[in-house]
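Look at the chain below before reading on.

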Amino acid sequence: MKNLKFLSLLTCITFFLSGCQIEELTKGTEKIHSADLSSAITSYECRNVSFSDYSTGTLPESFSNQNEVEIKTGTNASVGYVRVNLIADWVNCGAYTKSLGTSTEATSILLNFSDEIVYFNVDLLSVGWQTSKITLTAYSDLDSQGSIIQTISTPDLVGFYSCSELTLEAEGMRSIEITSSGDHPNNAKLLEINYCTNPDSDDDGILDNEDNCPEDYNESQSDFDGDGIGDVCDDDDDNDNIVDSLDGAPKSNTEEIINIGGCDTGISNQLYERGLFLSDLIDELESGEYKNLGQEVRSFAELTNNWVRSGIITAEDRKSILSCVVNE
Ligand SMILES: [Ca+2]
Ligand SMILES: [Ca+2]
Ligand SMILES: [Ca+2]
Ligand SMILES: [Ca+2]
């Protein structure tokens, strides 16, 4: 490590890059929140792996165990001085310097994923003489087989330590090959990859990224208040700030104006008590069984009389409501 730090220091002095600090690197793979990767991603299952501490060909242990990604030499390597490394001896990327493990080179690198991935991002940089272009190609099957789903290249990276980052976003990617090309000896160094799958965690037939309750089986996707959180995982289905367990009407009628059988009363609906809205109580009476209109009107008259006494509505409002009951 002392040698590496010395090399990094030397790099700083040699290339006069700003902010040269030897950074201790964290090891291993970590499940990270997808929001860190892309604002468009809401429910992908994402993983991050830094190759900093690993020798080429040696996978982080947790990766090997989970059989999620296999890394091997690619098949589409160009001839000549082309190399892709998982790691570098040391790298100096823009404003930061990292000291890394030993490097071994391969002509190109192939990543096989056990599940289809929908997002792939790699932090890499070119170290070498003159120009190097780095290309990612995503295939629909393992080992660069099947159809090419997406491909992306860096612009020509000129000179030493050109840093770059590439992202692929597409459905159904099973393998990704990384190749580099250049007129002179060069290395493409991979520092870190992030990748995401879009599983159906609750097995309800809706992929997590489109599922309004990714962890709960809800084939219907019903969402009473339309807030994007499905009813089965929404603590407050009607969005009246009273949680379902304490709400007298978990799916309240939250209409703005009280409406009785198509008759607009002109009176504002409002939260009454325990999560009940005035319209909930009106609806309850509306759906009641009555011998005749007189009995129905009396029920409404009693309810609205209480509201007038409590100062919730005016006597005028009450008349409007009763008028709607009579004329509905
Ligand atoms: Ca679901
Ligand atoms: Ca909801
Ligand atoms: Ca509620
Ligand atoms: Ca309610």
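What follows is a short briefing on this chain.

The model is predicted. The chain has five helices and 17 strands. Of its 328 residues, 32% are buried. Among contacts with a separation of 6 or more, 64% link residues 24 or more positions apart.

**Nonpolar cores**

- The largest nonpolar core has 26 residues.
- Ile 117, Tyr 119, Phe 120, Ala 138, Ile 176, Tyr 195 and Cys 196 touch the most other members of this core.
- Six strands each supply at least two residues of this core: β3 (45–50), β4 (69–73), β8 (108–128), β9 (131–139), β12 (162–181) and β13 (186–197).
- Of these, β8 gives the most, with nine residues.
- Leaving aside residues up to four places away in sequence, Tyr 195 touches Cys 46, Arg 47, Phe 113, Ile 117, Tyr 119 and Phe 120.
- There is also a second, separate core of 13 residues, which includes Ile 267, Leu 278, Ile 282 and Ile 313.

**Helix α5**

- Helix α5 covers residues 315–327, which is 13 residues.
- From its first C-alpha to its last, α5 reaches 18 Å, close to the 18 Å expected at 1.5 Å a residue.
- Its buried residues are Ile 321, Cys 324 and Val 325.
- Seen down the axis of α5, the buried residues fall within an arc of 105°, so they line one face of the helix.
- An α-helix has 3.6 residues a turn, so residues three or four places apart point the same way.
- The buried residues of α5 are covered by elements including β14 (257–260), β15 (263–268) and α4 (293–309).
- On the face turned away from the buried side, α5 carries the exposed residues Ala 315, Glu 316 and Asn 327.

- Most residues other than glycine have a negative phi.
- Asp 143 is not a glycine, yet it has a positive phi of about 55°.
- Ser 144 also has a positive phi, near 60°, and is a residue other than glycine.
- Asp 143 lies in the loop between β9 and β10 (148–153), and Ser 144 is placed in the loop between β9 and β10.
- Why is Asp 143 classed as partly exposed? It has 15 other C-beta atoms within 10 Å, whereas a buried residue has 20 or more and an exposed one 12 or fewer.
- Ser 144 is partly exposed because it has 19 other C-beta atoms within 10 Å, and the cut-off for a buried residue is 20 or more.

Terms used:
Residues are numbered from 1 along each chain as its sequence is written. Chains are lettered from A and ligands numbered from 1 in the order in which they are written. This is a predicted model: local features need pLDDT of at least 70, side-chain atom pairs count only at pLDDT 80 or more; totals for chains, interfaces and linings use all residues. A nonpolar core is a set of buried Ala, Val, Leu, Ile, Met, Phe, Trp, Tyr and Cys residues joined through C-beta atoms within 7 Å. Helices (H or I, at least four residues) and strands (E, at least two) are DSSP runs, numbered from the N terminus. Two residues are in contact if their C-beta atoms, placed from the backbone, lie within 7 Å. The expected span of a helix is 1.5 Å times one less than its number of residues. The arc is that of the directions from the helix axis to the C-beta atoms.
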